[in-house]
Amino acid sequence: QTFSYPFQNPELPRQQRIDDLIGRMTLEEKVAFLMNGSEGIERLGIPEYNWWNEALHGVARAGVATVFPQAIGMAAMFDPEEHEKTFSIISDEARAKYNEAIRRGQHLQYLGLSFWTPNINIFRDPRWGRGQETYGEDPYLTSVIGIAAVRGLQGNDDNYYKLHACAKHFAVHSGPESLRHSFDAVVSQRDLWETYLPAFKALVTEADVQEVMGAYNRYEGVPCCGSDLLLMDILRNRWNYQGLVVSDCGAITDFFKPGAHGTHTDAASASADAVKAGTDIECGSNYKTLVEAVERGIISETDIDVAVRRVLKGRFELGMFDPVEMLPWADIPYSVVACDEHNAQARKVARQSMVLLKNNDVLPIRRGSVRKIAVIGPNAADSTLMLGNYNGDPTHVITVLQGIRNAYPDAEVTYERGCDHLEGFTPVPKAPRAGMNMAGEWEGVPASGESGSKKVAQKLPPIGPECYTDEAIAALAARAAEADVIVFAGGITPALEGEELGVHLDGFAGGDRSRIELPAIQGKDLKALHSTGKPVVFVLCTGSAIALAQNEADYDALVVAWYGGQEGGNALGDVLTGDYNPSGKLPVTFYKSTAQLPDFTNYDMNGRTYRYMTEAPLYAFGYGMSYTSFKLGKARLSSKKIKRGKPVTVKVKVSNVGAIDGAETVQVYVKRLNDAAAPVMSLKGFQKARLAAGKSVKLKITLPSEAFEYYDVASDGLAVKSGDYQILVGTSSADTGKPLPLRIK
């Protein structure tokens, strides 16, 4: 085969091909390659490409796709192996969409191979609306689950990446949403290195993540997308990161936009500094001024070439310049998208994500044991909320109500919404985006409001103020009292918590929350329903922790169902009937009240999350119940004294002493003694044991030397510290038994 140019020849070394191509590009063409909407170079036969794609919990914004539970729910599984499998499925669907698009000559946004996921910011405060996109409040859990996501997305081929994953948002980023374009995050070096950076380091050094997204906010007065400290000193120099850095969308504009950071005077100076700091791709169009910046002498073409080389390396490693027959995933057919196998995985993951927090011998409700179930609440029949944010368009959505009806075909299942999430608010269903249909054809937004071929969202009529009177609530309870059991589906919705939302209602502000308590009207309904004397099962749909101390006496069972994805309702039915024994664990602390939280804008970790709380929460990080009972034997360490830099192994026997099969997640925490600034404890290992009734297993959980790293002033980074420790082994952060002493010499 003959090639017009050396860069087209796959037999040549990649670096030689990159050198050849960059030598043929004009400055204007190079600059055009550094924006998310990269223009093609027709004279060289290079098509356009858009770097912006999303896959937070399924391929998003590209039409029909399998929609898994929201990220926070998948974190509750505490199961990195299952998470990697899920993201391998997601990457199959992504490659299938790309393959079909290329066959059709389409180069549209959201049909590419670079996916801006996972979000590994630490969910330090439950008021942050985007916390639902994260893997929770713990750096170790976030690291382990994040690594699994990256591996599932990027594949394991020696020559090509299946997709690019992207670790975002770097760094020290977690709200408030309303301030993110002007906010300067201030943290101690200890919090920076022990809390905010570990997950990013893990994805870079252990998972080979190929993209890192800079955050909107400033850190130490400098916008993150222009920070030499973050992008050069830490990311590229200390961690030897060789991949791409992309800006968050519009983040470069914040450098000079009035009312934002205001660190720069115009687009050219902002763009020049961002490129020199290491931001290779802008999500936006300010980088077009780089030509002007070269003319003004504030950046050189050589500086621009550094970024262009990294961009080209990324495209070559994704196989974009090679014959299709050379690519391992080019033959994935479009028929895998939303196939039966993927749908089954969505249901499996949704089941495993659910967390049972309370059960006064109400659950499971076996089929045939009840004749009538009353389903009530604002989240019962809302299909839109099941999808969370950053979602694709599924072929179907099973709501809480439909899932219960499916689970109990012989029972009478009644339904009343009862109330909105809060007075004066009615969620509006999301309009489907343009995207690929089931045949792999690109469609605009269907006029009917349908997604793909089936309707998945319906507009709920507002509930009038007459439904919020004491009389109306009492009448609702009286009707519900005719049932054998009451299921209240409440909580919040992605229409109230999320990215920069235009919501300003009591307790909610711009996508964040100002209070974390359950909205008052839902509490009134719960109290009235519980007063009937009938068992009340509270199904809590949420992407974040809800403070329930004031509601705790008004339900007999509590199931956290998160935003459960397309199969969330069926998964809930599996849990309620006992077809599936719940095994999820909380990836976040459920505080008693807002009063337990420090100021939202304070990024200091003192008093935050289980790692630094001194007060008792309502439900602890790592907590989750089962329908069976587990017993842990006496935990033992492989050694009570180890040398610095050496691992230690925890051995513990776990037994299912109940009557049914189930799964328990054994968690290992480390506590450093004689260090007042150290966390109360930190998760450093866990393992899920699936056990038949009456069976036992001996687990070995190894803590590597990194489990004993803390901030070291001398090295201005993490270092393994000598001294005395306690190893805590249990089934949650609040149930760890007798501590095991360990000395590191």
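**Note on a predicted model: disulfide, helix crossing and strand pairing**

1. A disulfide joins C249 to C283, with an S to S distance of 2.1 Å. The structure, which is a predicted model, holds one disulfide. A bond of this kind is covalent and lies between the sulfur atoms of two cysteines. The torsion about the S-S bond of C249 and C283 is about 80 degrees, so this disulfide is right-handed.

2. The pair C249 and C283 links distant parts of the chain, 34 residues apart. C249 sits in the loop between β8 (244-247) and α9 (253-256), while C283 sits in the loop between α10 (267-277) and α11 (290-296).

3. Helix α14 (residues 400-407) and helix α17 (residues 568-577) have axes that come within 7 Å and cross at roughly 50 degrees. The two helices are therefore oblique to each other. Their crossing is right-handed.

4. On the α14 side, the contact is made by V400, G403, I404, N406 and A407. On the α17 side, G569, N570, L572, G573, L576 and T577 take part. By class, this contact has five nonpolar and six polar residues, and no charged residues.

5. Strand β29 (residues 723-730) is joined to strand β24 (residues 662-672) by six bridges, and these two run antiparallel. Within this pairing, Y725 in β29 stands opposite R672.

6. β29 also pairs with strand β30 (residues 740-744): five bridges join them, and they run antiparallel. The bridge partner of D724 is R743 in β30.

Methods:
Residues numbered from 1 in each chain as written. Predicted model: local features only at pLDDT ≥ 70, side-chain atom pairs only at ≥ 80, totals over all residues. Heavy atoms only, no water. Axes fitted to C-alpha atoms, helices over the stretch in contact; angles between N-to-C directions. Helix = DSSP H or I, 4+ residues; strand = E, 2+ residues; numbered from the N terminus. Parallel < 35°, antiparallel > 145°, perpendicular 65-115°, else oblique. Left-handed = near helix turned anticlockwise from the far one by under 90°. Contact = heavy atoms within 4.5 Å. Nonpolar A, V, L, I, M, F, W, Y, C, P; charged D, E, K, R; others polar. Pairing = 2+ DSSP bridges. Disulfide = S-S within 2.5 Å.
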